[in-house]
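The sequence and structure are shown first.

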Amino acid sequence: MLSLNLIFAILWTIDPVITGMHRRHLYKFPIDIWRIFTFCGGVISVVIIIVLEIKSIKLSLNRRKNWRKWRLSEMNRDLIYCHPKYLDEELFIKHKISELKNMANMYLKDPCNFNRNILDWSVIVMIIVCSISHMVDVVHHSISIARFNLRFTSITIIMLWVRLMKYVKPYTVIGPFVVMLTLLLKDILKFFYLYMQFYIPYACAFWMLFGGSKVYEKYIYIQPNTPDQITQIPGWETPGIALWTLFRITLVDEYSFEDLASLDSVMALLMIFTWIMISGVLILNLFIALMSDSFQRIHDNAHAVAKMQQAILLSDIENNFQNDREKLEYSNIMKTEYSDISTTYNEEEIDIQKEMRDSILQLQYELSDLTKFVKEHIKT
């Protein structure tokens with residue numbers, strides 16, 4: 001699957017990267033024959049992935065149906081053995097039976113399937129949109145359609161390559177880091193909430209003091225003001241640009257402090273100093289500490305995380321078999337060829353263990369002798 005999806009990503013990346021927006025709608029033969037082949041290969045790969053996803057949906061629905069059937073049989077069996085004295089037990093089982101009967105046999109209602117395949121279907125839909133917009137651009141070329149296709153394709157390529165991460169999870173070297181990225185999302189949400197607590201009020205304050213058209217501080221007491229006494233500071237002209245500039249200050253990027261001081265020297269120094277201390281020093285370092293802690297926890301259990309991802313992959317492979325014979329063959333192969341646990345003989349470790357046992361026995365003998373001596377001394 002990793003090889004197939006890697007080829008899938010490469011096929012949909014080559015053409016948009018090599019050809020520019022102003023000539024993507026043009027196909028000159030035989031020079032651009034390779035573009036036809038890459039496009040056809042990309043379409044074929046999309047069809048294959050869609051077929052695999054539909055197959056996965058059918059298998060999931062069948063597994064859910066079989067599980068519900070088995071669970072209902074278990075509940076009905078338990079219902080027979082309910083004691084007449086304990087009516088709560090019978091009511092509870094009947095309630096569970098009604099829940100199972102009313103359970104919708106939907107693929108997307110299974111959280112496991114939904115979380116694992118939402119990215120796949122999102123990428124497929126995005127590629128279909130890219131293909132349709134490109135074909136429309138070829139037939140009826142316009143700058144707006146070409147620009148939309150370029151923008152949407154750039155986002156699709158990013159999602160396409162990000163999607164590859166789910167297929168490298170079982171590998172011991174890379175898998176733990178992919179899992180780590182998913183776990184870091186919680187830290188990012190914590191940081192985002194804490195950052196917004198200060199970002200929103202500071203953004204309002206900065207806009208009130210320095211945003212838009214403002215009068216220079218030295219002319220503030222002169223009324224009315226002439227046009228040369230009013231200015232717009234670069235980076236603070238509009239609310240959107242002001243928000244971006246405020247975020248850049250967090251990253252210790254360039255900002256026009258002299259221009260801010262020309263409007264209000266006291267508040268410029270106060271606001272810039274407090275914002276850098278809170279966002280750039282306190283919150284940003286707290287975010288780094290959170291990520292470092294998560295990294296250390298995952299890295300310490302990297303081997304266990306990789307084994308868990310391998311177990312999930314093997315379980316998915318087993319569930320994709322449609323008949324019992326294939327499952328039995330797969331189970332026999334796993335038992336006979338891949339389940340043996342072998343350890344190398346290390347003579348040094350054996351010697352160390354023997355020395356430790358001898359030391360423990362000697363310590364026990366000495367403690368026993370000491371105990372006898374103390375008891376005899378107490379008696380005398």
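Tyr202 is buried, with a relative accessible area of 14%; buried means under 20%, exposed over 50% and partly exposed in between, for a 1.4 Å probe and protein chains only. Phe206 is likewise buried, at 1%. The model is predicted, so that local features need pLDDT of at least 70 and side-chain atom pairs count only at pLDDT 80 or more, while totals for chains, interfaces and linings use all residues. Residues are numbered from 1 along each chain as its sequence is written, and side-chain values use heavy atoms, with hydrogens and water left out.

**Aromatic contacts**

The whole structure holds 14 aromatic pairs. Rings of Phe, Tyr and Trp (its six-membered ring) pair if their centres lie within 6.5 Å; planes under 30 degrees apart count as stacked, over 60 as edge-to-face and the rest as tilted. Two of these pairs are given below.

| Pair | Centre to centre | Angle between planes | Class |
|---|---|---|---|
| Tyr202 and Phe206 | 6.4 Å | 35° | tilted |
| Tyr216 and Tyr219 | 6.3 Å | 75° | edge-to-face |

Tyr202 and Phe206 are 4 residues apart in helix α6 (residues 175-210), which means that about one helical turn separates them. Helices (H or I, at least four residues) and strands (E, at least two) are DSSP runs, numbered from the N terminus. Tyr216 is partly exposed at 25% relative accessibility, and Tyr219 is partly exposed at 25%.

Tyr202 and Phe206 also belong to one aromatic cluster, whose members include Phe191, Trp236, Trp275 and Phe287.

**Cavities**

A cavity is a set of points on a 1 Å grid over the protein atoms alone where a 1.4 Å probe fits but cannot get out; lining residues have an atom within 4 Å of a point. Grid points are joined across faces, edges and corners, and a volume is the space filled by probe spheres set on the points.

There are 2 cavities of 30 Å³ or more.

Terms used. 1 Å grid on protein atoms, 1.4 Å probe; cavity = no way out; pocket = protein on both sides within 12 Å on 5 of 7 lines; lining within 4 Å.
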